[in-house]
Amino acid sequence: MKNFSLYRIMVIVGMFIKFIVQLYFFNKRNKTWDAQTQEKWEELLKKQAEEYREKAIKLEGLMIKVGQFLSTRADIMPEVFLKELSGLIDQVPPVPADISKKILEDEWGQPIENYLSEISDKPVASASIGEVYKGKLINGQEVAIKIQRHNINKIIHTDFKALRIVLWITSTFTKLGKEIDAKALYKEVVTIIGNELNYSKELKNGQYFQKRFHDSNDYYIPQFYEDYCTRKVLVMEWMEGRKVTDISFLKENQLDRKEAARRVFQFFVDQLLDYGMFHADPHQGNILITKDGMIVIIDFGMVGEISREETQQIRKMIQGFVLDDYELVISQLQELGFLLPHANKYKLQSLLRTYVEMYLEQDIKQLDEEVVQEIFRDLQEIVHEQPIQLPAEFAFLGRAASIGLGVLTIIDPDIDFMSLGKPVVTQWLEENNEDTGSLKMQVIKDSAKPLLSLPRNINEWLEAPTYQRRSEERRQWRQFDHQRQLMMAGISALTFLLSLVFLLVSIIMAHSYLLLVTSVLTIISFIISILTFILHKRWVDKFRR
């Protein structure tokens, strides 16, 4: 059933409508918000996240990928959802080997024997989009052969349709939809997942990293065999190794855990020192270690990219933190696309200053895992509560950093991020560039600035007349009431359309009992739809008067 387009769309859209209705009635029942209400709210969100996770594992396809994508979006997703989806593993049952090998022959246009002397009977790894087999070329070279799953292209594009419906409902009937750019979000998902469906792009990504880091002594990018690669097949050098987090393997081969952690840390840092692509999915399964301690990086299907300009802006932002110049920090955040048009810059400056001073007062000598996790939680809270959005590239950069943090702390629980990162930050800040000059020069310039200033937003607030604030409050309340009316009308209309679909199915199946039930549901939903539209019209007429 999960491979049928209509079934997939109905399950995905139906689940989302169920979530919206649950959230709507929860808010209706809980007018006052206290600690008990908050606990119930988080419990409801946890149940919804668990249901999504279960459905994703059952349906596979885009559900898993979207879950992983949403786990990067602290700007639009509640923390409970982030926690539940962050552990969503892209691991599914394998496709029968004869089907995958038939795809391989179709892509090559020749029998497998013409290219391979050996190929494993079963895949060594199986994910939602592709599977990996171990093989040997005619010349004796051992290779990893990644083959796209059967029918996955059709399944993913069906899920894209369901996602478009979900985002339309979100943008039309929910408050969240008014705050996010649903079209841009849809475009992000389609672009990112679409790239993963095209192994030719993954080949180019891998070759890019191979060229960029070919002289590194800390890690290795396997060789790709371009002549054997197609849109659905990727052939690369087979690497004997284990996950870098396999502590027993490290001990067995007498490998220094601190040195392994340093090399992995260097891999992350080298991607951020300069502009270009970065690996956006560096989980432990994509970072291997060989018996001689070499770090091997694989799977370049999901990558992000930072431009030269963005790199300079990030450096300026860090400079702003160092110089206690939060106006510079906020201006760079705005240029990077983090701030929405209605963001209160002065309030954000004050908020960031408070958090930074709070951490500095703790006299942190070692930036350990607990402190870093606390910083990540605080950042998530700021992003979720303030008018901040995460551009796709930085959402994946944040996800990569979070995953990398977890990998590093497994390898070396006592890792000292401060000592590892100090040379990097020093290099960043001391580099001269034609736009801003050196850090020392900037310190001299900033020393001449006034030490004290009245925050402009407080001044503006004090000068604003009382009636203006009250008018704004009334406007916001009317907007909320209007959204509520539209949501009810939309839900009832959608329920009516779904009942029509089921009615059509029952007619086709010629099932009398099902026909009776769906007919009743269709009539009831139609009446409710008419009533909600009438009530909404009356509300609009009353508001106009």
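A residue is called buried under 20% relative accessible area, exposed over 50%, and partly exposed in between, with a 1.4 Å probe and protein chains only as cover. By that rule Glu-60 is buried, because its relative accessible area is 10%. This is a predicted model, in which local features need pLDDT of at least 70, side-chain atom pairs count only at pLDDT 80 or more, and totals for chains, interfaces and linings use all residues. Residues are numbered from 1 along each chain as its sequence is written, and side-chain values use heavy atoms, with hydrogens and water left out.

Glu-60 sits in the loop between helix 2 and helix 3 (62-70); helices (H or I, at least four residues) and strands (E, at least two) are DSSP runs numbered from the N terminus. Its phi is near 60 degrees, a positive value in a residue other than glycine. Asp-299, likewise not a glycine, has a positive phi of about 65 degrees. Asp-299 belongs to the loop between strand 10 (295-297) and strand 11 (303-306), and counts as partly exposed because its relative accessibility is 25%.

## Annotated transmembrane regions

An unreviewed UniProt entry places the feature "transmembrane region" at residues 6-26, 486-508 and 514-535. The UniProt positions are given in the numbering used here, feature names are shortened, and annotations may be inferred rather than shown by experiment. In the model, residues 6-26 are 100% helix and 0% strand, and the end C-alpha atoms of this span lie 30 Å apart.

Side chains of opposite charge can pair when their charged atoms come close. A salt bridge is defined here as a side-chain nitrogen of Lys or Arg within 4 Å of a carboxyl oxygen of Asp or Glu. By this rule the count comes to 19 salt bridges.

One of them joins the side chains of Glu-51 and Lys-18, at 3.1 Å from N to O. This pair links distant parts of the chain, with Glu-51 in helix 2 (residues 35-59) and Lys-18 in helix 1 (residues 5-29), 33 residues apart. Glu-51 is buried, with a relative accessible area of 16%, whereas Lys-18 is partly exposed at 38%. Helix 2 also holds Lys-46 and Glu-50, which are separated by about one helical turn because they are four residues apart in that helix. Their side chains meet in a salt bridge of 2.6 Å, N to O. Lys-46 is partly exposed, with a relative accessible area of 41%, and Glu-50 is partly exposed at 28%.

## The network around Asp-218

The side chains of Asp-218 and Arg-262 form a salt bridge of 2.8 Å, N to O. Here too the pair links distant parts of the chain: Asp-218 lies in the loop between helix 9 (199-212) and strand 5, and Arg-262 in helix 11 (residues 257-272), 44 residues apart. Salt bridges that share partners join Asp-218, Glu-259, Arg-262 and Arg-263 into one network. Asp-218 counts as buried at 15% relative accessibility, while Arg-262 is partly exposed at 28%.

Ala-162 lies in helix 6 (residues 152-173) and is buried, with a relative accessible area of 0%. The C-alpha atoms of Ala-162 and Leu-6 are separated by 9.5 Å, although the two residues are 156 residues apart along the chain.

Helix 13 (residues 326-335) contains the buried residues Tyr-326, Leu-328, Val-329, Ile-330, Gln-332 and Leu-333. Just after helix 13, Gly-337 takes a positive phi of about 90 degrees.

## Surface patches

Patches are made of residues with over 30% relative accessible area and no salt bridge; like charges are joined within 9 Å, and nonpolar side chains (Val, Leu, Ile, Met, Phe, Trp, Tyr) within 5 Å. Lys and Arg count as positive and Asp and Glu as negative, with His and the chain ends not counted. The place of a charge is NZ of Lys, CZ of Arg, CG of Asp or CD of Glu. Lys-201, Lys-204, Arg-231 and Lys-232 gather in a surface patch of positive charge. Lys-232 lies in the loop between strand 5 (219-220) and strand 6 (233-237) and is partly exposed, at 34% relative accessibility.

A nonpolar surface patch comprises Ile-523, Phe-526, Ile-527, Ile-530, Leu-531 and Ile-534, with about 550 Å² of accessible area together. Accessible areas come from the Shrake-Rupley method with a 1.4 Å probe, and for residues only the protein chains shown count as cover. Ile-534 is placed in helix 21 (residues 512-544) and is partly exposed, with a relative accessible area of 39%.
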